[in-house]
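Subject: Structure handover

Hello,

Here is the structure I said I would pass on. My notes follow below it.

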Amino acid sequence: MLLHIVARGRIGRSPESELVDRYLKRIAWPTRVTELPDRGGKIPDVPAATRRVVLDETGKVLSSVEFARQLERWRDDGVREARFMIGAADGFGDAERDGADLLLSFGRATWPHMMARAMLAEQLFRATSILANHPYHREG
């Protein structure tokens with residue numbers, strides 16, 4: 001299953017981009033990052049068998065294991081792509097949130113979108129590590 005991050009804003013060369021790259025390179029699953037301008041830009045077409053995850057402060061707060069199990073269910077159900085949407089400073093409108101298969105939150109605090117991208121990349125690595133029984137994640 002492809003793990004596809006679609007993010008508003010250009011990360012450029014920054015400490016956050018180094019973190020994103022570090023974690024995405026460690027993931028055994030296929031990954032892709034699509035950057036869009038803060039406003040406008042064409043969101044890539046959503047192929048069949050795609051689940052859309054919108055990062056939103058009002059979304060579900062999942063533990064790392066719960067997040068891993070969600071990815072596992074989608075993978076085992078034949079989902080071809082899990083698409084993670086990270087908005088610009090103003091987040092997403094009702095239409096984007098309503099069209100999501102999962103609203104995901106990294107807590108009730110508001111995070112800069114570049115930090116959210118780094119946090120998502122780490123959680124994707126952690127989730128795939130959990131599913132592979134890799135010792136990276138330590139429960140409890």
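A pocket, as used here, is an open set of grid points with protein on both sides within 12 Å along at least five of seven lines. The model is a predicted one, and its largest pocket has a volume of about 380 Å³.

Pockets

The lining of the largest pocket is made up of 21 residues, and those nearest its centre are Leu-55, Asp-56, Glu-57, Thr-110 and Trp-111. Three elements each supply at least two residues of this lining: strand E3 (50-61), strand E5 (102-105) and H4. E3 gives the most, with three residues. Sorted by class, the lining of the largest pocket has 11 nonpolar residues, six polar and four charged.

The second largest pocket has a volume of about 190 Å³. It is lined by 14 residues, and Arg-8, Asp-38, Ala-88, Gly-91 and Phe-92 are the closest to its centre. Strand E1 (2-8) and strand E4 (81-86) are the elements that give two or more residues to this lining. Its classes come to eight nonpolar, one polar and five charged.

Helix H4

H4, which contributes to the lining of the largest pocket, covers residues 113-131.

Aromatic pairs

There are three aromatic pairs in the structure. One of them joins Tyr-23 and Phe-125: the ring centres are 6.2 Å apart and the planes are at 35°, so this pair counts as tilted. Tyr-23 and Phe-125 are both buried. Ring pairs also bring in Tyr-136, which forms a cluster with Tyr-23 and Phe-125.

Backbone and loops

Most residues other than glycine have a negative phi.

Ala-49 sits in the loop between E2 and E3. Its relative accessible area is 32%, so Ala-49 is partly exposed. Asn-133 is in the segment after H4. With a relative accessible area of 70%, Asn-133 is exposed; the cut-off for exposed is over 50%.

Pro-44 is also in the loop between strand E2 (31-36) and E3. At 22% relative accessibility, Pro-44 counts as partly exposed, given that buried means under 20%. Leaving aside residues up to four places away in sequence, Pro-44 touches His-4, Val-6, Thr-34 and Arg-83. Between Pro-44 and Gly-12 there are 20 Å in space, C-alpha to C-alpha, and the two are 32 residues apart in sequence.

Regards

Notes. Residues are numbered from 1 along each chain as its sequence is written. This is a predicted model: local features need pLDDT of at least 70, side-chain atom pairs count only at pLDDT 80 or more; totals for chains, interfaces and linings use all residues. Side-chain values use heavy atoms; hydrogens and water are left out. Helices (H or I, at least four residues) and strands (E, at least two) are DSSP runs, numbered from the N terminus. The expected span of a helix is 1.5 Å times one less than its number of residues. Rings of Phe, Tyr and Trp (its six-membered ring) pair if their centres lie within 6.5 Å; planes under 30 degrees apart count as stacked, over 60 as edge-to-face and the rest as tilted. Buried means under 20% relative accessible area, exposed over 50%, partly exposed in between (1.4 Å probe, protein chains only). On a 1 Å grid over the protein atoms alone, a cavity is a set of points where a 1.4 Å probe fits but cannot get out, and a pocket is an open set with protein on both sides within 12 Å along at least five of seven lines; lining residues have an atom within 4 Å of a point. Grid points are joined across faces, edges and corners, and a volume is the space filled by probe spheres set on the points. Ala, Val, Leu, Ile, Met, Phe, Trp, Tyr, Cys and Pro count as nonpolar, Asp, Glu, Lys and Arg as charged, and the others, Gly among them, as polar. Contact means heavy atoms within 4.5 Å.
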